[in-house]
Amino acid sequence: MVKIKSLLNHIRIAYNDHRGWHTENKYIVFESDDWGAIRMPSKEVLQILDSMGYKSSGNKYEANDGLESAEDVLRLMEVLTKYSDGLGHHPVFTLNYVMANPDFNKIAASNYESYFYEKVSETYKRYDGDDKVQSVIEEGMADGFFRPQFHAREHFNVALWMEALRNNIHDMRKIASLEAVATNIPSMGGNYFVKAYDVRNKKEQAFIKTSITDGLKLFEDRFGFKSITAIAPNYLWDDDLEPTFYDCGVRMLQGGRVQNYSFYKGNKKRYNVLGNSRNGLIFSIRNSSFEPYAYGDEAVSKCLSDIEVSFRRGLPSIISTHRVNYVSRINNSSLTNLKRLSCLLAEIIKQYPDVIFVSSDVMYENMKDTL
């Protein structure tokens with residue numbers, strides 16, 4: 001039965017690839033989610049949560065992902081600067097940004113009755129005493145290494161989290177006192193709270209629409225331009241949210257092959273197709289993966305295999321590669337992952353001398369006039 005399901009899934013993927021947008025150019029797009037978000041505040045907090053019985057170190061995200069530092073971004077730039085395509089373009093990372101994090105002190109002062117957030121610039125200052133990350137990323141943008149786009153205002157479900165805080169479910173107030181949004185809760189199947197748009201009712205959906213509008217305004221204020229593309233956390237969003245994205249200037253939704261719907265919409269799934277559109281938005285589909293935090297050395301060969309299939313089918317290779325691979329706040333695994341990234345880029349250029357590196361918004365510009 002498992003083999004039959006796997007075969008059917010491969011057939012579905014091939015069929016949807018055939019139906020999607022095609023190109024003769026060998027485009028590579030690196031899409032990297034979660035920049036700006038708090039995940040695990042520090043190695044010390046990770047150890048405390050383990051001692052509380054949450055087994056956080058057993059979850060690869062919780063055990064590795066923390067707020068990026070200026071040094072993390074500089075190290076990533078150092079790798080990207082070594083490589084370029086035939087047009088002289090360096091590999092460019094689309095940095096999908098979370099624009100705000102909880103203001104833990106204000107929330108606690110309200111006796112957990114009201115939600116407050118802080119801008120990502122304030123989070124940087126709290127963690128490192130400055131906002132040097134902004135200037136480093138601006139330097140990388142100017143040199144063509146980075147192109148920020150919108151991920152969410154918060155990368156967690158505010159309504160569920162606040163409810164858990166009010167009722168102190170799973171000792172959530174203690175977790176919040178450590179400045180962690182939530183952690184690996186085995187009875188909930190992991191960090192359940194990260195599914196930002198998994199709403200349960202119309203009121204929560206209205207809150208999410210407001211957060212998208214507000215988040216995109218925060219994005220424009222910080223980076224000086226509108227985000228043309230966006231990516232919903234955990235590839236989970238309802239069609240009802242799409243007009244809100246469109247009204248705020250978004251024209252393409254990044255995503256995986258499968259779109260997940262909220263509890264409010266019955267936890268349905270939809271298989272989207274590259275280049276298809278709905279509510280004025282084009283869909284971009286990630287068809288490749290480079291996630292060494294999960295796959296180790298195999299991540300390089302896996303990604304090269306994904307790229308080969310994409311190019312053979314006349315598709316751009318749109319690569320998922322999350323921030324967790326490149327940050328060092330929790331441990332130094334990012335140093336090894338950067339070496340793996342360097343190996344991947346060297347092989348891409350060797351195997352495909354005519355490769356073209358582009359960001360997600362440039363990919364949209366290349367797609368929109370030929371659909």
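Asp34 is found in strand 1. Strands here are DSSP runs of E with at least two residues, helices are runs of H or I with at least four, and both are numbered from the N terminus. The model is a predicted one: local features need pLDDT of at least 70, side-chain atom pairs count only at pLDDT 80 or more, and totals for chains, interfaces and linings use all residues. Residues are numbered from 1 along each chain as its sequence is written, and side-chain values use heavy atoms, with hydrogens and water left out.

The phi angle of Asp34 is near 90°, a positive value in a residue other than glycine. Asp34 is buried, with a relative accessible area of 5%. Buried means under 20% relative accessible area, exposed means over 50%, and partly exposed lies in between (1.4 Å probe, protein chains only). A positive phi is also found at Asn267, where the value is near 55°. Asn267 is not glycine either. This residue lies in the loop between strand 8 (258–260) and strand 9 (269–271). Asn267 counts as partly exposed, at 44% relative accessibility.

Strand 1 (residues 26–35) pairs with strand 13 in the parallel sense over four bridges. Two strands pair if DSSP finds at least two bridges between them. Ile28 has Ser317 of strand 13 as its bridge partner. Strand 13 also pairs with strand 12 (residues 288–289), again in the parallel sense, over two bridges. There, Ser288 has Ile319 as its partner. In a regular strand the side chains alternate between the two faces of the sheet. Strand 13 (residues 317–320) is covered on both faces. Ser317 and Ile319 are buried on one side, and Ile318 and Ser320 on the other.

Strand 1 is joined to strand 2 by five bridges, and the two run parallel. Leu95 of strand 2 is the bridge partner of Ser32. Strand 2 is joined to strand 5 (residues 146–152) by six bridges, also in parallel. Phe93 stands opposite Phe146 of strand 5. Six of the six residues of strand 2 (residues 93–98) are buried, so this strand is largely enclosed by the rest of the structure. Phe93, Leu95 and Tyr97 cover one face, while Thr94, Asn96 and Val98 cover the other.

Helix packing was examined next. Two packed helices are described by the angle between their axes and the distance between the axes. Axes are lines fitted to C-alpha atoms, for helices over the stretch in contact, and angles run from 0 to 180 degrees between N-to-C directions. Helix 3 (residues 70–80) and helix 13 (residues 333–351) pack at about 20°, with axes 10 Å apart. Helix 3 is therefore roughly parallel to helix 13. Angles under 35 degrees count as roughly parallel, over 145 as roughly antiparallel, 65 to 115 as roughly perpendicular and the rest as oblique. Arg75, Leu76, Val79 and Leu80 of helix 3 contact Leu335, Leu338, Leu341, Ser342 and Leu345 of helix 13. Contact means heavy atoms within 4.5 Å.

The axes of helix 3 and helix 6 (residues 132–142) come within 8 Å and cross at roughly 15°. These two helices are thus roughly parallel. Ala70, Val73, Leu74 and Met77 of helix 3 meet Lys132, Val133, Val136, Ile137, Glu139 and Gly140 of helix 6.
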